[in-house]
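Visitor: I'm new to this one. Could you show me how to read the way its helices pack?

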Amino acid sequence: MSEQEMNKMTDALQAVEDMLTRSVRMQDKFKVGSPQHTLLVNRINSLRIASSILSCELSGNDIMSMYSKDALQNASVPLVSIVSKSEKVILKLKPNSWQYKMLTDNLSALDLVLTRIKKLSGDTEPSKIDSI
């Protein structure tokens, strides 16, 4: 892996870890069992898998020994949802704001992770991420 790829992956891991931290903090704000809580739990699980994918790639470990292809594919659904929502919000932000930078970093990280998930799961069919 080139130094540029390594830096890109490290930046993506930091963005995913930041999203994960913010999501975990939000858990107490929703009643357990509510639709919002369930969606957040699914998002947290997907972000954990995303973090594992990036960490394994950086360290050279095999992610497939930790997760099945189905688990990876299922993790992509909440991630695609985050991408979709972020793309709508970013249009309303000023390009020089910290929120714009954060969302740009998040979108880059999620694009990298979703590409990796697609590759790892052997998915050759067009997916939701291809249409975003």
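Predicted model: local features only at pLDDT ≥ 70, side-chain atom pairs only at ≥ 80, totals over all residues.

Visitor: Which residues of H3 and H4 meet?

Guide: From H3, the residues include Leu-72, Leu-79, Val-83 and Ile-90. Among those they meet in H4 are Leu-103, Leu-107, Val-113 and Ile-117. Sorted by class, the residues in this H3 and H4 contact are 15 nonpolar, five polar and two charged.

Visitor: What about H1 and H2, at what angle do they pack?

Guide: About 155°, with the axes of H1 and H2 9 Å apart. H1 is therefore roughly antiparallel to H2. The crossing of H1 and H2 is left-handed. On the H1 side, Met-9, Leu-13, Val-16 and Leu-20 are among the contact residues, and on the H2 side they include Leu-40, Ile-44, Leu-47 and Leu-54. The class count for the contact of H1 with H2 is 15 nonpolar, four polar and four charged residues.

Visitor: And how is H1 placed against H4, what is the angle there?

Guide: H1 and H4 pack at about 110°, and their axes are 8 Å apart. That makes H1 roughly perpendicular to H4. In H1, the residues involved include Met-9, Ala-12, Val-16 and Met-19, while Asn-106, Ala-109, Leu-110 and Val-113 are among their partners in H4. This contact of H1 with H4 has ten nonpolar residues, one polar and four charged.

Visitor: Now for the gaps. How do you find empty space in a model?

Guide: Rolling a probe the size of a water molecule over the atoms shows where empty space is left. In this model, the largest pocket holds about 530 Å³ of space. Helices H1 (3-26), H2 (35-59), H3 (69-90) and H4 (98-121) are the elements that each give two or more residues to its lining.

Visitor: Which residues lie nearest the centre of the largest pocket?

Guide: Those are Ser-23, Leu-40, Arg-43, Ile-82 and Lys-85, out of 20 lining residues. By class, the lining of that pocket has eleven nonpolar, six polar and three charged residues. Ser-23 of H1 and both Leu-40 and Arg-43 of H2 also belong to the contact between H1 and H2.

How values were computed: Residues numbered from 1 in each chain as written. Heavy atoms only, no water. 1 Å grid on protein atoms, 1.4 Å probe; cavity = no way out; pocket = protein on both sides within 12 Å on 5 of 7 lines; lining within 4 Å. Points joined across faces, edges and corners; volume = space filled by probe spheres on them. Helix = DSSP H or I, 4+ residues; strand = E, 2+ residues; numbered from the N terminus. Nonpolar A, V, L, I, M, F, W, Y, C, P; charged D, E, K, R; others polar. Contact = heavy atoms within 4.5 Å. Axes fitted to C-alpha atoms, helices over the stretch in contact; angles between N-to-C directions. Parallel < 35°, antiparallel > 145°, perpendicular 65-115°, else oblique. Left-handed = near helix turned anticlockwise from the far one by under 90°.
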